[in-house]
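Please look over the structure shown below before reading on. The notes after it are meant to be read with the sequence and the model side by side.

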Amino acid sequence: MEYLLDTNGLTKQYGRHKAVNAVNIHIRQGDIYGLIGRNGAGKTTILKMISGLAAPSEGEFSLFGKTGKEAYQYMSRVGTLIEAPGVYPNMSAAENLKLKCLAMGVRKKGVAEELLNTVGLQNAGKKKVKNFSLGMKQRLGIALALVGDPDLVILDEPINGLDPQGIAEVRETLSKLNKEKNITFIISSHILEELSKIATNYGIIHDGVLLQEMTRDELLAKCSERIELKTNDTRKACTVLEGMGIEHYKVVDASTIQVFERLNDSGDITMALAENGVKTMGITVKNETLEDYYLNLTGGTENV
Amino acid sequence: MFNLIKMEMHRLTHSTVTWMTIIFAIITAILGIAMTNLDIQAVQDEPPTGLIIQENTAEESSGITAGIYVTGNPEWANGKIELGDLVGMELQSGLTSILCVIFAALFANADQKNGFIKNIAGQFPRRGQLVLSKFVAVAIHIFALLAVFSAVTAASGYIFWGDKVYLASILPLMKVLGVQYLLHLGLSTLMMFLTILTHSAAFGMTTGILVCSGLTAFLYSGINRIVANLRPSWNFDISNYMLESNMRLIDVSTVSDTLLRGVMVGIVFLIASLALAMITVKKRDVR
């Protein structure tokens, strides 16, 4: 089994509108997969389909190497928090967890307390959920998703409504669960900077279409500070750079080289190239943020 | 499935609406007996030709009767009061059926309204189980509600009238309670289906209350007239096949055919509503 979850042309159509259009995502065991997209891009619809809450109009997904009806048999190993946390307001956090434990057949004692500790709600006591802050409800939603020790947890905008400290705590919790229990996470968010701190893989979705999938390293390379060098002879330029002791560089295309070290030495690089008969067509220091990268990819700033 | 039933049973015992409807069933039973007692006293003081306590009743010249009312036996004024007769007549009032539809609508809609269903629906590929487990909880609650109502009615009867109350035979009372249970359950399942279909407890409750209030009598009258015009030889009355009208027919003196019809009507509505609710939940995306 190469992928824990992968989709094949997953499509959801409402009337004539395709909310999700032929999406193919690939998630390996142990990944923290960040699904990035604007509001209305189709993130929640994708997550609902792979959570078994909505039926795809076309396409299918494979879960734990199984497809079709067989895949649905493994849904008990998937925990979900889709949109706002679904909780009974007149019950306490522990009672809400108990309900899900009963439904899932979890009989181990102390599970609710353990999960409340995990998400930082150990002091919630008998307080009814209707009196919880948005952040507390969000944490309870995460705890509910963790009932039954799932292998895959799907979290739709889990840091919505959390204060900066809460966001950091949730981030730490998810990282810890990922490392200690090898839980695979799919996290959707439009808060790109936060997602970049935790995700190991990314899928960028726009207007229901998956534009790009990449690893954390690939994204950081695209967004990191670098010298972008355009020359008339890339091969010779590489020799010159290596002669200067520069090793961390990447040839992007026939005329472009990205240099990721000695960012303050652009003058020296130009001089060295000139001395070796390589014409510099352009040299700039670029520092693209994740958000810039996302905006360039999706083509605008509206609703971000 | 068994796990889901356990969850719904836990929710049942921890829901406000469960205990509110039980409390209202107790209050309704006591008030029903108190009102009957007032009527008995009125008859004893000034004997009329019949005994009827009527609230919110609209009587049309066409013979259609709508509203919620508690009837009594004129013989109670000067004779003994048979317990089966008393409980049966109190159940005919439709007050318990109103409590049942309110409960069914609120209980069935709670997990959709607060979104808890999203936490579990994905884990159960055979989603019809979610409805079936709810139905089990509703069935148990209605049983408890009718049992409490009947017990409080009987106890109130003994408190108000003492030795005048007697139980002739347990069997006719059990028959009445059994048929009424099926009819109440059929009605509650129908309202559960409507609530699931519309995602609205308000719709389910309003429809249920209007049905229990007998306002459908106008509709049935219209249908009967249309059928009579089309097939004059056919002695058809649609109310014979409806839940709430059968509820009003069942008491200890009801003949076996009517009891059997009540059982059949209850079962048919129950199975049809349950099947439709299961199909709805299975086919539709979870919101």
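Predicted model: local features only at pLDDT ≥ 70, side-chain atom pairs only at ≥ 80, totals over all residues.

Residues are numbered from 1 along each chain as its sequence is written, chains are lettered from A and ligands numbered from 1 in the order in which they are written, and side-chain values use heavy atoms, with hydrogens and water left out.

**The two chains**

- Chain A has 11 helices and 15 strands, whereas chain B has 11 helices and four strands; here helices (H or I, at least four residues) and strands (E, at least two) are DSSP runs, numbered from the N terminus.
- Of the 304 residues of chain A, 49% count as buried, and of the 287 residues of chain B, 53% do, where buried means under 20% relative accessible area, exposed means over 50% and partly exposed lies in between, with a 1.4 Å probe and protein chains only.
- In chain A, 67% of the contacts between residues at least 6 apart in sequence join residues that are at least 24 apart, a contact being heavy atoms within 4.5 Å.
- In chain B, 78% of the contacts with a separation of 6 or more are between residues 24 or more positions apart.
- The C-alpha trace of chain A spans about 75 × 45 × 40 Å along its principal axes.
- Chain A is divided into domain 1 (5–215) and domain 2 (225–286), with bounds that come from an automatic or database domain assignment, and the C-alpha centres of these two domains of chain A lie 44 Å apart.

**An enclosed helix in chain A**

- Helix α1 of chain A (residues 43–51) is largely enclosed by the rest of the structure, because eight of its nine residues are buried.
- The buried residues of α1(A) include Lys43(A) and Lys48(A) as well as Ile46(A), Leu47(A), Met49(A) and Ile50(A).
- Gly52(A), which follows α1(A), has a positive phi near 85°.

**Two helix pairs in chain B**

- The axes of helix α1 (residues 2–14) and helix α4 (residues 95–114) of chain B come within 12 Å and cross at roughly 120°; such axes are lines fitted to C-alpha atoms, for helices over the stretch in contact, and the angles run from 0 to 180 degrees between N-to-C directions.
- α1(B) and α4(B) are therefore oblique to each other, since angles under 35 degrees count as roughly parallel, over 145 as roughly antiparallel, 65 to 115 as roughly perpendicular and the rest as oblique.
- The crossing of α1(B) and α4(B) is right-handed, a crossing being left-handed if the near helix is turned anticlockwise from the far one by less than a right angle, and right-handed if clockwise.
- Where these two helices meet, Glu8(B), Arg11(B) and Leu12(B) of α1(B) touch Phe103(B), Phe107(B), Ala110(B) and Asp111(B) of α4(B).
- By class, the contact of α1(B) with α4(B) holds four nonpolar, no polar and three charged residues, where Ala, Val, Leu, Ile, Met, Phe, Trp, Tyr, Cys and Pro count as nonpolar, Asp, Glu, Lys and Arg as charged, and the others, Gly among them, as polar.
- For helix α3 (residues 83–92) and helix α7 (residues 170–198) of chain B, the axes come within 9 Å and cross at roughly 15°, and the two helices are therefore roughly parallel to each other.
- The crossing of α3(B) and α7(B) is left-handed.
- Gly84(B), Val87(B), Gly88(B), Leu91(B) and Gln92(B) in α3(B) meet Leu173(B), Val176(B), Leu177(B) and Gln180(B) in α7(B), and the residues of this contact divide into five nonpolar, four polar and no charged.

**Loop residues in chain A**

- Arg28(A) sits in the loop between β3 (26–27) and β4 (32–36) of chain A, and Arg28(A) is partly exposed, with a relative accessible area of 39%.
- Not counting residues up to four places away in sequence, Arg28(A) touches Glu2(A), Tyr3(A), Leu4(A) and Thr184(A).
- Asp149(A), in the loop between α5 (134–145) and β8 (152–156) of chain A, has a positive phi of about 45° although it is not a glycine, and Asp149(A) is exposed, with a relative accessible area of 55%.
- Glu157(A), in the loop between β8 and α6 (164–181) of chain A, has a positive phi near 50°, but Glu157(A) is buried, with a relative accessible area of 10%.
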